[in-house]
Amino acid sequence: MKAKFWTGLVILLLVIMLVGAATSAWRFLRVDDLAAQLIGAGAMLLVALGVWMLAREMWFGWYSEKLGKVLSAEGGLPEDVVDRSPGGRPNREQADAQFARYAAEAETAPEDWRSWFRLSVAYDVASDRPRARRTMRKAIAMYRSA
């Protein structure tokens with residue numbers, strides 16, 4: 001619950017910033033000067049990009065949580081059996097062993113979004129965040145198409 005509070009706060013601050021940037025961009029667009037209008041158009045493009053990225057990440061988080069709830073209800077969530085250092089770093093050997101297990105599962109059941117969800121968690125535990133996100137996106141796409 002604590003993480004959701006901070007996430008919500010960051011989203012709120014980002015929305016406030018995007019509204020402020022859009023307001024400034026609109027003011028630039030209304031000025032009768034080509035340079036100012038170009039600045040305004042560029043700023044509006046950046047605001048549109050920010051809105052798209054925010055929506056995409058919120059969609060990703062919502063679906064990741066939804067899939068996690070489905071797996072939890074089915075009793076299929078991966079267990080967190082990896083020891084961690086006082087600083088929170090996972091035990092490398094245990095993380096690699098867990099990863100190998102879930103990678104093999106994804107290879108034997110490549111059409112099952114559940115195996116890709118678990119592999120995504122294993123990537124995350126193994127500190128490979130880009131692959132974890134890519135694999136989670138694949139799990140989400142498979143879930144949505146099912």
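**Note on helix packing and salt bridges in the predicted model**

1. Glu 57 is partly exposed, with a relative accessible area of 33%. This residue belongs to a predicted model, and that should be kept in mind for each of the points below. Glu 57 of helix H2 and Arg 137 of helix H5 form a pair that links distant parts of the chain, 80 residues apart. The contact between the two side chains is a salt bridge, at 3.2 Å from N to O.

2. Glu 57 also takes part in a salt bridge with Arg 133, where the closest N and O atoms are 2.2 Å apart. Because Arg 133 lies in helix H5 and Glu 57 in helix H2, this pair ties together parts that are 76 residues apart in sequence. Arg 133 is partly exposed, its relative accessible area being 27%. Side chains of opposite charge can pair when their charged atoms come close.

3. How many salt bridges does a search of the whole structure find? The count is 11. One of them joins Asp 112 and Arg 114, with the closest N and O atoms 3.1 Å apart. Both partners are partly exposed: Asp 112 has a relative accessible area of 21%, and Arg 114 has a relative accessibility of 25%.

4. Two packed helices are described by the angle between their axes and the distance between the axes. For H4 and H5 the angle is about 165 degrees, and the axes are 8 Å apart. An angle over 145 degrees counts as roughly antiparallel, and H4 and H5 are therefore roughly antiparallel to each other. The crossing of H4 past H5 is left-handed. On the H4 side, the contact is made by Trp 113, Trp 116, Phe 117, Leu 119, Ser 120, Tyr 123 and Asp 124. On the H5 side, the residues in contact include Arg 129, Ala 132, Met 136, Ala 139, Met 142 and Tyr 143.

5. Where is Ser 127 found? Ser 127 sits in the loop between helix H4 (113-125) and helix H5 (129-145). The phi angle of Ser 127 is near 65 degrees, a positive value in a residue other than glycine. A reader checking the backbone may start with this phi value of Ser 127. Is Ser 127 buried or exposed? Ser 127 has a relative accessible area of 54% and is exposed, because that value is over the 50% cut-off.

6. The UniProt annotation "transmembrane region", from an unreviewed entry, covers residues 34-55. In the model, the span 34-55 is 100% helix and 0% strand, and its end C-alpha atoms lie 31 Å apart.

7. Ala 48 is placed in helix H2, which runs over residues 34-74. Ala 48 counts as partly exposed, at 45% relative accessibility. The C-alpha atoms of Ala 48 and Ala 22 are separated by 8.8 Å, while the two residues are 26 residues apart along the chain.

Methods: Residues are numbered from 1 along each chain as its sequence is written. This is a predicted model: local features need pLDDT of at least 70, side-chain atom pairs count only at pLDDT 80 or more; totals for chains, interfaces and linings use all residues. Side-chain values use heavy atoms; hydrogens and water are left out. Helices (H or I, at least four residues) and strands (E, at least two) are DSSP runs, numbered from the N terminus. Buried means under 20% relative accessible area, exposed over 50%, partly exposed in between (1.4 Å probe, protein chains only). A salt bridge is a side-chain nitrogen of Lys or Arg within 4 Å of a carboxyl oxygen of Asp or Glu. UniProt positions are given in the numbering used here, feature names are shortened, and annotations may be inferred rather than shown by experiment. Axes are lines fitted to C-alpha atoms, for helices over the stretch in contact, and angles run from 0 to 180 degrees between N-to-C directions. Angles under 35 degrees count as roughly parallel, over 145 as roughly antiparallel, 65 to 115 as roughly perpendicular and the rest as oblique. A crossing is left-handed if the near helix is turned anticlockwise from the far one by less than a right angle, and right-handed if clockwise. Contact means heavy atoms within 4.5 Å.
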